[in-house]
Structure formats: C-alpha cells, structure tokens
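The sequence and the coordinates come first.

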Amino acid sequence: MSVISDYKHFFPIDSIQKVCDLFEEQLRRNEEPDLALFSIIIGAVENNLTKVKNSEKDVNLSSNKFIKMTFPSVEWDEVKTLYDRFVSLMKSGVDTKLLSGELATRDLVKRVADVVWNSLTRSYYKDRAHLQSIYSFLTGNKLDCFGVAFAVTAGCQVLGKQDVHLALSEDHAWVVFGKDGSNTAEVTWHGKGNEDKRGRSVGEGVLARSWLYVAGKPVVCSRVMELAALVSSINPTLTPTIDVHEVAQMQHKLLWLLFDKGHLDAYPMALGNLGDLDEYMKISNCTEEPDNSTLKDETEITKSNTPRPDSAALYVQAIRSSRTYYEDRHVYPYTFQGGYYHRHKMYKEAFHAWACAGDVIRHYNYSRDDEEIYKEFSEIANELIPQLMKAESSGHSARSILKDPECFASLLRFYDGICKWEEGSQTPILHIGWAKPLVSTISKFDAEVRAQVNIVCSPDNGEPTDETRKSEKSSQKEDKEMDNDRWNNNSENTELSVREQLTAAVNSRPRVTLYSHKMAALKPLLLAERLNTHALQLQLTAQSQLQRPQPPAKRREDDEHNSQAPTARAKRARRER
C-alpha cells in the first residue's frame, strides 16, 4: 500500500485536474490504493461542493438542471489529520489477538464492522445523499449502507488484512475474505433493524433468491475496482432536481480514466453510471474552462487515438459485462438502456430492454428488501409505459408501435417477468394499481396484432413437451442475443447464416415464452378477438400463493449451483434529467 506522504505534493487540491492527476498517479503505480485516503479526498470535495445554504439554493435554480460552484481547496493538513484519526480508531478499537495470521477471520471482520457501527449516530440514512465517504464518517459520524461497507473494507486494509474486499450487488454491499475470497460477511445494514446481521454469511439471502443478493453473482472488487466503486458512488445531487456540475464533471472524468485502463470491464453498474453521466454532460452543454482543455480532449478519445464509446454503446457494454461475468443476473444494465431509449423516443427498443429486465427479475423471489428495484419496475410499468402508449395512440403519427407484434411480445415478456418474480414470494406485487395500467396497455393492441404473436407456455405450465424444452431454450437464447445486437446497432456481421435465414423464414411470427402461471393462464384472453378487461384484471390481482405450487429448484433451474455469496454496490442514483 502506498505511503500517504507520497501524495503530499498534489496538495492543495483545488481543481478537477488535480483530482484526476492524483488518480492517474495511483493507477500508474503497482501498489494498492489506500482506500481511506482517497475516500477522504473525494468526500471532502463532494461535501464542500454540495453544502449550500437553503437561501443560496433558491437564488436562480428554479429553471436549471445544474449549477456551477467554486471548486474548494482541500488542504493536506486537513486530510492527514482525518486519515490519522481513522487509522487510530481502527487500531485502538481492534484487539491485537484478532490480527494474528495472514488472512482475516470472521471475528475480525465483525469487530471492524462494530467499530464503524458504534461510531455512527443512532439514525438511519437510507436515502440521504453524500454520506458514502470516510470523510462523512469522520466529520459527521454518518454513513449510508454503502459507506459502512466501504469503511469496513478500508479499516481492514489499514490493519494489514489485504484479503478483505468489497462485494457489491445492485442495492447492497458486504465483504468477502479468506483464501480466494471464499468467505462472506454482512457488515452493513439494509433497511431498519438489520444490524444483528453483522458478521453473518450472506448465503441465506442467496438461497432465498433475493434480488438483493443477485443470485450469488455480485461484483467482487479488486482494490482498484474498490476505487472505481468509490467514484461510482459520488452523488452530484444538490436538490432532488438539481446537480452540481463540478461534482458530475469530476465523476465523469474519473470514470473515463478508470474505463480507459480497463477497470470497469467487470463493473456493469459503473458502466451504466458512466453512460448516464456522458449523456448528462452533453445535455448540460457546459464547455470546459480553457485551462482544462487537455482534459476535454481526453474525454473524447483514448490514448490509443480511438474514439470513446457513446452512451448507447456504454449501456450495451454494461449488459455484456453482466452476461459475461455474472450470468446475466443484474437488472440495472437493462433499465439503464431502456431509460436511454425511452428518453430518445426509441420506444420499440425501450420495450425490448425492459423485457430483458423482466427476463432477469423472474429468477428471483420478491421480498420487502427489494424496494429499490420494485420502484424501478413500478415506474416503468405504471408511469413510463402508460404515458408513451397514450402518446402513441393519438395523433397522426400514430400507432407505429401499436401495430408492431414485436412490441406486444416484448410487453408480454416484461409483465411475465414481474409475475414470475411474484410467484413463491410472501408479498404480492400485482395489486390493482399495477393491473389497471397493464390491462389498459394490452387493450391498445388490436386483435390482429395480438394474434400475430406466437405465445408459448413454459413446460412447467404444461404446454410444450419435455423434448422441446432444450431446443426451445437454446433457440430462444440465440434469438435474444441476435435481437439485442441488432437493436443495439452493435452487430459486427450483418450477413445472416443459412440457419438464421431458415429460422427467420419459418418463424416469421414473433414468439414469446411465458414462464409465470399467471400470464400463462391469460393466454386465451390475450389472443381473444375481443379483450375481456375485467377478467384480465381479476386474474392479474389474484394472489400468486394460490397458484399451483412449484419447487424452487424446478422453477428456476439455472440457480442450482449458486451456493456462493453475492456482491453489493453503491446505490444507483435515480436522477430526473
């Protein structure tokens, strides 16, 4: 690990350029980054830029999406004092007997977590911004869920335990430790009253098929990826609708720096955040200051003089990262992409991305810990889709997507994923507030459009034979990958093989496989010439527990071998642009 005095010459840090220089220097070294030091520096910058008196907030912000602030000057003495306090807290709070041996033990990890936890104020800060850094911990005794896990990881690092690493799901964080990171431990909280989980393995959450634990496929960070997690967790928010441009700009440049060096390749959430930021920086239309012209050039091209990917390509890369490293068990890469397509009025592509998100969520059982992803799906199903359907069903332009059977098939996949997510869970999802928009959306497709979709029910629902299961699954996967490349404009080879041409000729009708009992039971209603909306609503709101019971292993065969623990991530910021 680097000696912190090696970085003294970068101070005072009074510009984005100096922050980038500091990170670039660290990335050039062969030594591990000091997580506590970098968290203090990033936290000092973010907290100082986002601390504005309420009277100042109201000056001229009503019509702006962002404001510019004067960059603070972060002094060496302040950083060094805070860093020494953190090291002292860790060393004084942990019994030296727990430090014996090369690798960390569960008792040590729990003790470090207790030291951090016992230093916090007795309040929960689930949705408060700017509480993810060790700077916030040392100056205000406040941390959010991600912040606690990061502080525990940094605490173990200063105690000399290099095997303790951060693990990130899409809305939770924990640590892995031991040889090859084979052990997992809860170190933070999620929701109220979960402090008693500290020190326990996350295996219970994985076995419960909770989205919070991403089927045991978390992002397990290296030290540099932990640095990337710190950057990805930066929050530019000043108010719910206004961002501080300098914070967003700093985060944007640091993520590109990490991207260029390949440190985001296995980090779907960071790639999605970079895609959002890249789009935001273009929309904000803020030009760089003259003295930062070098940085501007570097954001447009890599050092190998190849153009950097745009937002759309970054979302595709996030999806491929999830598929490559995490068996396609992460939902947010698809909702990032769907949101992008929706903002650009590419509604057919948005439906496809949301359908893919539904394909992922059906592998989980819904629980109350899934609040964040529930909000995401609720917004898509009950706000975005009804709004765009209303717009598309009026005016002359009209009805392009309403006449497209592929759009209808995508919607069925999306809703089927939500219904499957509900099955086997203790809490129902599809109450009347979900059912009405769903039925309204389906009813906007004419009977002839709905009739063009080949609806297949999964083997568990009794329609296809056992012999068709394997071939159907294989062809569906191929179709999905082929469609994704085509709709993402990312296909490297535009020529279809003979087999693909034959498949396209035979299966000209879009096909959708329904895996949930609820949606499968709706098949006759969905294909009826005249929709019975009342019957649709009744069946959709029926309790999933009343459906035919199904053993978990049989219902979701692809999770059978996932007994290992999952990962956690810095919570995604839900920004309205």
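Which backbone oxygen lies 2.9 Å from a polar atom of the side chain of T188? The backbone oxygen of C145 does. The model is a predicted one, and the values below are computed from it.

T188 sits in the loop that runs between strand 4 (183-185) and helix 8 (203-207). Its relative accessible area is 2%. The cut-off for buried is under 20%, so T188 counts as buried. Leaving aside neighbours within four places in sequence, the residues in contact with T188 are C145, V148, A149, H172 and A173.

**The chain as a whole**

The protein chain has 25 helices and nine strands. It has 577 residues, of which 57% count as buried. Among contacts in the chain with a separation of 6 or more, 76% are between residues 24 or more positions apart.

A cis peptide bond is present between F11 and P12, with omega about -5°. P12 belongs to the segment before helix 1.

Two residues other than glycine are listed here for a positive phi. For N141, phi is about 55°. N141 is placed in the loop between helix 6 (134-140) and helix 7 (145-158). With a relative accessible area of 32%, N141 is partly exposed. For R209, phi is near 55°. R209 is part of the loop between helix 8 and strand 5 (219-220). Is R209 buried or exposed? R209 counts as buried, because its relative accessibility is 12% and the limit for buried is under 20%.

**Helix packing**

| Helix pair | Axis distance | Crossing angle |
|---|---|---|
| helix 1 (residues 16-28) and helix 2 (residues 35-50) | within 12 Å | roughly 165° |
| helix 2 and helix 10 (residues 245-260) | within 9 Å | roughly 155° |
| helix 15 and helix 16 (residues 371-392) | 12 Å | about 155° |

The axes of helix 1 and helix 2 cross at roughly 165°. Angles over 145 degrees count as roughly antiparallel, so helix 1 is roughly antiparallel to helix 2. The crossing of these two helices is left-handed. On the helix 1 side the contact is made by V19, L22, F23 and Q26, and on the helix 2 side by F38, I41 and I42. By class, the residues of this contact are six nonpolar, one polar and no charged.

How are helix 2 and helix 10 oriented, parallel or antiparallel? Their axes cross at roughly 155°, which makes helix 2 roughly antiparallel to helix 10. In helix 2, the residues that take part are I42, V45, E46, L49 and T50, and they meet E246, V247, M250 and L254 of helix 10. The contact of helix 2 with helix 10 divides into six nonpolar, one polar and two charged residues. I42 of helix 2 is named in the contact with helix 1 and again in the contact with helix 10.

Helix 15 and helix 16 pack at an angle of about 155°, and helix 15 is therefore roughly antiparallel to helix 16. The crossing of helix 15 and helix 16 is left-handed. Helix 15 contributes Y347, F351, W354, A357, G358 and I361, while helix 16 contributes I373, F377, I380, L384, I385, L388, M389 and E392. The class counts for the contact of helix 15 with helix 16 are 12 nonpolar, one polar and one charged.

K345 is located in the loop between helix 14 (332-343) and helix 15 (347-361). What is the separation of the C-alpha atoms of K345 and L388? The two C-alpha atoms are 8.8 Å apart, although the residues are 43 apart along the chain. The relative accessibility of K345 is 61%, so K345 counts as exposed, the cut-off for exposed being over 50%.

Note on methods:
Residues numbered from 1 in each chain as written. Predicted model: local features only at pLDDT ≥ 70, side-chain atom pairs only at ≥ 80, totals over all residues. Heavy atoms only, no water. Axes fitted to C-alpha atoms, helices over the stretch in contact; angles between N-to-C directions. Helix = DSSP H or I, 4+ residues; strand = E, 2+ residues; numbered from the N terminus. Parallel < 35°, antiparallel > 145°, perpendicular 65-115°, else oblique. Left-handed = near helix turned anticlockwise from the far one by under 90°. Contact = heavy atoms within 4.5 Å. Nonpolar A, V, L, I, M, F, W, Y, C, P; charged D, E, K, R; others polar. Buried < 20%, exposed > 50% of the residue type's maximum accessible area, 1.4 Å probe, protein only. Polar contact = N/O pair within 3.5 Å; in protein donor to acceptor, adjacent residues only side chain to side chain.
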